[in-house]
Amino acid sequence: MSSNDKQTEWVLGLHEIAQKITREKISVVLQDLLDFTVERLHANSGSLSLRRDNKSLRITAGTGTAASFVGSEIIIGNGVIGWVAQNKEPLLLRDSLSNDSRFKNMVKRDDDSRPASSMCWPLLTNKELVGVISINRNPDQEPFNEEDFSGAGLIVSLVSLMVDNARLSMSQKRKMLELYDANNLLEEQKKQIKKEHSERLAIEQKAAAELRHEKEEQVALNRQLKEAQEQLLQSEKMASIGQLAAGVAHEINNPVGYINSNITTLEGYIGNLIQLIDAYENKASTEEIDKVKDEIELDYLKEDLESLLKESQQGIVRVKQIVQDLKDFSHVDESEWQWADIHRGIDSTLNVVNNEIKYKAEVIKEYGELPQVECMISQINQVILNILVNAAHAIEEHGSIIIRTGTENESVWIEIEDSGAGMSEETLGKIFDPFYTTKPVGSGTGLGLSLSYGIIQKHNGRIDAKSELGKGTTFRIWLPIEQNK
Ligand SMILES: Nc1ncnc2c1ncn2[C@@H]1O[C@H](COP(=O)(O)OP(=O)(O)OP(=O)(O)O)[C@@H](O)[C@H]1O
Ligand SMILES: [Mg+2]
């Protein structure tokens with residue numbers, strides 16, 4: 001066989017082994033490589049060591065050696081293999097090694113038989129040491145010569161490449177495994193995140209639904225509250241109308257009483273006058289007529305007739321005024337929001353509650369200039385009525401109620417000051433609470449001010465109260481002149 005044929009055969013054999021790199025374990029591939037090399041070089045034993053770290057190699061494959069030899073460690077620098085690894089130079093040995101000072105700490109052999117000749121190569125890629133391959137012949141064989149040594153050089157460099165390739169393939173496999181693991185982990189994490197995300201979404205959706213539900217409940221509650229408040233307002237209105245009716249009846253009773261008695265007197269006077277006319281018609285004598293005149297006290301009758309008619313007329317005017325005030329107060333014949341004269345509202349309210357306050361207090365009006373105010377005047381009257389009635393109640397014997405008005409910026413104010421008993425801080429803090437009353441059971445519902453507060457709020461206004469025990473109380477209502485729509 002020519003040396004070219006030999007080399008082709010080598011390359012084909014190595015190629016076959018190379019096919020296994022991706023399928024087999026690296027140790028199997030390396031063992032195959034070593035077996036192949038030992039056989040082709042007609043040797044009888046060999047070893048293949050791979051570099052572990054900067055200090056040592058490990059024997060990875062062995063052919064014709066003791067089993068325990070594989071796996072053992074070789075310190076770089078020790079023995080033949082250690083020397084080749086350290087110097088990165090190939091070695092051809094033909095003689096006994098015992099006296100060669102280059103090789104210290106030789107690996108101990110089980111059979112203690114040293115090979116007669118050896119070839120040993122460093123396996124290098126890019127001048128980096130990958131491992132060492134060593135091939136031996138027994139003493140009964142022809143020792144390796146220079147030709148064997150140089151002929152095997154090319155093969156060894158191919159083996160180097162393959163060893164490196166196998167190592168690379170292994171590290172690639174490891175990396176792929178790592179990647180695979182990392183990918184699995186990532187998938188796992190992705191799943192977890194997805195799960196958490198959907199859980200969070202569910203929680204958020206639940207919270208949103210709860211919020212919506214709460215809001216709906218709140219809206220329903222608000223509506224109920226508003227309805228209740230409106231009912232209260234209505235019933236309070238009815239109650240104060242009842243109270244007022246009694247007062248108004250009293251007010252009307254007075255003029256109607258004296259008009260009635262005047263009419264009775266007038267009836268008598270008319271009888272007297274008819275008596276006188278009859279005397280004239282019967283052409284009675286002057287003495288007889290004078291007698292009648294004396295009897296009916298004609299001079300007094302004439303005088304009294306005039307004053308009776310005048311008084312009755314005044315009474316009727318008074319009744320008419322009361323009816324007008326009642327109408328003004330309740331504004332039954334007008335729509336709700338309107339431009340109204342606040343002073344006229346206060347006056348009509350005062351007339352309506354006249355009966356409640358006239359025995360208790362002197363009413364002093366200190367009106368300023370007021371424009372027309374956009375409001376629900378019947379409700380504003382209701383507020384003024386509540387405050388006036390409270391003021392009258394707070395005055396024990398006799399006192400005063402001062403009503404002031406004025407304008408400031410875009411608002412008007414109405415102030416009602418009484419010289420009544422006043423309130424403690426504590427009471428003052430509660431007067432706008434529904435059902436808060438200090439009045440005896442049956443006489444106050446404790447709703448007057450709370451409803452008033454609601455009415456003023458609806459007008460986008462404000463109601464303030466100042467009070468001092470023993471000195472009196474002042475309420476001040478603020479109303480915007482125009483409602484912003
Ligand atoms: N001018 C005032 N002086 C002293 N206390 C007052 C005055 N106005 C109100 N109060 C106190 O505020 C409480 C609540 O007043 P509010 O008008 O709301 O109810 P009420 O007058 O007791 O009953 P209602 O008006 O429903 O018949 C009164 O009971 C009283 O204690
Ligand atoms: Mg009251």
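**Exercise 1.** How far apart do the C-alpha centres of domain 1 and domain 2 lie?

*Solution.* Start with the bounds, which come from an automatic or database domain assignment: domain 1 spans 3-144 and domain 2 spans 331-485. Their C-alpha centres are 117 Å apart.

Before going on, a word on the model: it is predicted, with local features needing pLDDT of at least 70, side-chain atom pairs counting only at pLDDT 80 or more, and totals for chains, interfaces and linings using all residues. Residues are numbered from 1 along each chain as its sequence is written, while chains are lettered from A and ligands numbered from 1 in the order in which they are written.

**Exercise 2.** Find which helix gives the most to the shell around ligand 1.

*Solution.* Step one: helices are DSSP runs (H or I, at least four residues), numbered from the N terminus. Step two: α9 (377-394) and α11 (448-458) each supply at least two shell residues. Step three: α9 gives the most, with four residues.

**Exercise 3.** Describe how α9 and α11 cross.

*Solution.* The axes of α9 and α11 come within 9 Å and cross at roughly 150°. Next, list the contact, where C-beta atoms, placed from the backbone, lie within 7 Å: α9 brings Gln379, Gln382, Val383, Asn386 and Asn390, and α11 brings Gly448, Leu449, Ser452, Ile455 and Ile456. Finally, sort by class: four are nonpolar, six polar and none charged, where Ala, Val, Leu, Ile, Met, Phe, Trp, Tyr, Cys and Pro count as nonpolar, Asp, Glu, Lys and Arg as charged, and the others, Gly among them, as polar.

Terms used: Axes fitted to C-alpha atoms, helices over the stretch in contact; angles between N-to-C directions. Contact = placed C-beta atoms within 7 Å.
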